[in-house]
Amino acid sequence: MRRSVLSLAAGVVALPAIAHAAPAAAPIDTGDTAWMLVSTAFVLMMTIPGLALFYGGMVRKKNVLATLIQSFMICCIGSLVWMVAGYSLAFSTGSPWIGDLSRVLLRGVADNFHEGVDSAFTLGAGTPAAVTMTIPESVFMMFQMTFAVITPALITGAYAERMKFSSMCLFTVAWLLLVYAPVAHWVWSPTGWVAGLGAVDFAGGTVVHINSGVAGLVCAIILGRRKGFGTEDLSPFNLTYAIIGASLLWVGWFGFNAGSALGANGRAGMAMLTTQVAAAAGGVAWMVVEWARTGKPTALGIISGAVAGLVAITPAAGFVLPGSAVLIGLIAGAGCFWSATWLKHRFNYDDSLDAFGVHGTGGIIGAILTGAFAYGPLSATASNPEGTVASVHQVVAQAEAVGVTVVWCVIMTTLILKVLDLVMGLRVSPEEELEGLDMVLHGERIN
């Protein structure tokens, strides 16, 4: 399968002379493909405009545009990084640790076209763990691209209002290649070593949420606290934006979770149902705890609780029943409230928009509780008739997956940040931070 650089370049422009002569593969399932196209659009909506508005509404007025454009630019950068190398490193066969370069620049992604019709492809072809898909590889690749896009965008909530735009751009490229792609390969590739431990992650508890939350905590600690943290009013500029953003995230999450069934089937339906009730339970739990503690249920708290429920159900959505999903949402809502309030103040780090408080903590809760509540028949197959069943062994496997994700993310994120800080600096100056990133970095402001 290896070719010269000249052959690769020819493949990029799709010259007929070097087209593969592969035999026709199985036909795609049009219903599965249609659902995956819709799911992909839903997940993209989670980043732009969903996350952009959610985060943009929680910063101060002088930093709103800078926060919005971070999500938008990461969508641009992440899409290209995923196309050029990220997808190949995450989902080609390679080794248990990392994929190979066989899909660089999406080389070979059109090999299943015959007489103008695309066919299904096999993930992990040539290995004992190969999985025959019912959708085109282009659709699978694009669906996974939207996950790669939103994950570094989630991290921005931890370093909001103080990171250089140029540093953010380079951090995104390096982090996707060195942190996200390896973890995605470990967990989701048929040959990944974490998957080999028996750990499961339906839609991204480890790959997306723990990864982004822990990376956000590292960023918050290394960049340091915002000027005025703990002494000045850093309250949100426009919670209307944040509520609209959270609502878009909630709707988009159906593509995120139900789409991870990779088909229009009963498991997708169950994942959609568990996603809805977990989000509702998370919002209720945060509201009740906050109301009891402070005397008032805040809008920001309620939407944060709903997002916490969405985060926690993500690894479990296709493995648990609705009753278990409600419990996961309730635990996550209360647990993330504790992390975003008591824990943050106890250790005095400035996780600006609670990237770790919600995504890191919620991801850990959901990943471990997946092992405690998994219902076997939902994931049973001919080769594994019992499916993934709740047990102490499964909880241990889930904890191991959480642990390796945290360790790798901390080490590599720290390394990336330290190198960037040495080369170009990470943070704007105190004077620039005081003026606001909208004018300092982009020469624009909200009137």
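## Salt bridges

Let's start with Asp350 and Arg226, whose side chains meet in a salt bridge at 2.8 Å, N to O. This is a predicted model. The pair links distant parts of the chain, 124 residues apart: Asp350 sits in the loop between H11 and helix H12 (355–373), and Arg226 in the loop between helix H7 (205–223) and helix H8 (239–258). Both Asp350 and Arg226 are buried.

Next up is Lys344 with Asp354, where the closest N and O atoms are 2.8 Å apart. Lys344 belongs to helix H11 and Asp354 to the loop between H11 and H12, so this bridge ties together parts 10 residues apart in sequence. These two are buried as well. Shared partners also join Arg60, Glu161, Arg162, Arg226 and Asp350 into one salt-bridge network.

The structure has 7 salt bridges. One of them pairs Arg103 with Glu137 at 3.0 Å, N to O. Arg103 is in the loop between helix H3 (64–91) and strand E1 (122–123) while Glu137 is in helix H4, so the contact connects parts 34 residues apart in sequence. Arg103 counts as buried because its relative accessibility is 18%, and Glu137 does too, at 5%.

## The largest pocket

The largest pocket holds about 1,400 Å³ of space. It has 38 lining residues, and Val131, Trp188, Arg267, Phe319 and Thr381 come closest to its centre. By class, the lining splits into 20 nonpolar, 15 polar and 3 charged residues. Helix H4 (137–155) gives the most, with 4 residues.

## A nonpolar patch

Ile331 is part of helix H11 (residues 322–347) and, at 39% relative accessibility, counts as partly exposed.

How values were computed. Residues are numbered from 1 along each chain as its sequence is written. This is a predicted model: local features need pLDDT of at least 70, side-chain atom pairs count only at pLDDT 80 or more; totals for chains, interfaces and linings use all residues. Side-chain values use heavy atoms; hydrogens and water are left out. On a 1 Å grid over the protein atoms alone, a cavity is a set of points where a 1.4 Å probe fits but cannot get out, and a pocket is an open set with protein on both sides within 12 Å along at least five of seven lines; lining residues have an atom within 4 Å of a point. Grid points are joined across faces, edges and corners, and a volume is the space filled by probe spheres set on the points. Helices (H or I, at least four residues) and strands (E, at least two) are DSSP runs, numbered from the N terminus. Ala, Val, Leu, Ile, Met, Phe, Trp, Tyr, Cys and Pro count as nonpolar, Asp, Glu, Lys and Arg as charged, and the others, Gly among them, as polar. Buried means under 20% relative accessible area, exposed over 50%, partly exposed in between (1.4 Å probe, protein chains only). A salt bridge is a side-chain nitrogen of Lys or Arg within 4 Å of a carboxyl oxygen of Asp or Glu.
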